[in-house]
Amino acid sequence: MNRKLIGALISVTLLSGCQSLQNSFTNDEGNSSKEQQTSEKQEEKNGQAADDVLTLPAQYFNQIVETGGKKVIQNSENTLVLVNKTYYLSDSYIPSDLVRANVHYSFGDEQIEKALLRQEAATALEQMFNGAQAEGIELYAVSGYRSYARQKVLFDAEVQQHGLEKAEEAVAIPGQSEHQTGLTMDISSRSVNLLLTQEYENTPEGKWLATNAHKYGFILRYPKGKENITGYKYEPWHFRYVGKEFAKTIYEKGLTLEEYFNVVKEI
Ligand SMILES: [Zn+2]
């Protein structure tokens, strides 16, 4: 009896956990349209233009096809592509313009996949590293592009070692890693021995990145306190290229990429 009750309580807790997550997404969308209506009403009242309504052309939104229960992105080359625990990149997606950036890498001159970024992101990364250096901040690129095949190798190894459940917590499922976009770079510095660690947020380099990356078109993709929205723990080293204009908006409004897509209006 007791056991049944406990079982029932646990399943209620788990379900409501999932539901509240889903609801919060639904509510976000609902709220934004309500807010929009309200701001439109205020606009009518005040006769002012609504500068605060963010708009975005349709091409920047994910175009999705559902395959085998997975939401697979069709327009993967979109620089604003939203890859997360809901939206997958195709197993065949390889960016067509991958290049090595002219920056310092934690692994030196080795010619390896993770040195690569898409052309536009690589140029922006070079500018960011040069900008940092001019202010006495030394940055190292640690891990950029990661192919679906490489992610699968990493994931399968983790499953073998620790089981599926633990693997899913620790390593992105193939197709769900933002590194496959070629728009993401993990960055570190000597102050933390070139490691990817949360300690990075307390270093001059980590602080510089957190407050300056947007000027070069990068956003801190997995911020502290937004874990339930991004689905990932705080990663002060993981920077995603979105372009200067969008990075500025996302930074100034204090949004994650997920939240940004919840508030922008498609035009
Ligand atoms: Zn990363």
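The protein chain exposes about 14,900 Å², and carbon and sulfur atoms supply 50% of it; accessible areas come from the Shrake-Rupley method with a 1.4 Å probe, and for residues only the protein chains shown count as cover. This is a predicted model, in which local features need pLDDT of at least 70 and side-chain atom pairs count only at pLDDT 80 or more, while totals for chains, interfaces and linings use all residues. Residues are numbered from 1 along each chain as its sequence is written, and side-chain values use heavy atoms, with hydrogens and water left out.

**Overall build**

- The secondary structure comes to 8 helices and 11 strands; these are DSSP runs numbered from the N terminus, with helices being H or I of at least four residues and strands E of at least two.
- Of the 267 residues in the protein chain, 42% are buried, where buried means under 20% relative accessible area, exposed over 50%, and partly exposed in between (1.4 Å probe, protein chains only).
- Among contacts with a separation of 6 or more, 63% are between residues 24 or more positions apart; a contact means heavy atoms within 4.5 Å.

**The zinc site**

- His179 (NE2), Asp186 (OD) and His238 (ND1) coordinate the zinc ion at 2.1 Å.
- Along the chain, these donors follow the spacing H-x6-D-x51-H.
- His179 lies in the loop between α4 (164-170) and β8 (184-188) and His238 in strand β10 (residues 238-241), so the pair ties together parts that are 59 residues apart in sequence.
- Both His179 and His238 are buried.
- Donors are N, O and S atoms within 2.8 Å of the metal (3.2 Å for Na, K and Ca); water is not among the atoms, so sites may look incomplete.

**Helix α5**

- Helix α5 (residues 204-212) has Glu205, Gly206, Trp208, Leu209 and Asn212 as its buried residues.
- Seen down the axis of α5, these residues fall within an arc of 160°, so they line one face of the helix; the arc is that of the directions from the helix axis to the C-beta atoms.
- The buried residues of α5 pack against α2 (119-134), β8 and β10.

**Two single residues**

- Glu258 lies in helix α8 (residues 257-263) and counts as buried because its relative accessibility is 5%.
- Not counting residues up to four places away in sequence, Glu258 touches Leu82, Asn84, Arg221, Ile229 and Thr230.
- Gly231 is found in the loop between α6 (227-230) and β10, and counts as partly exposed because its relative accessibility is 33%.
- The C-alpha atoms of Gly231 and Thr86 are separated by 9.5 Å, although these residues are 145 residues apart along the chain.
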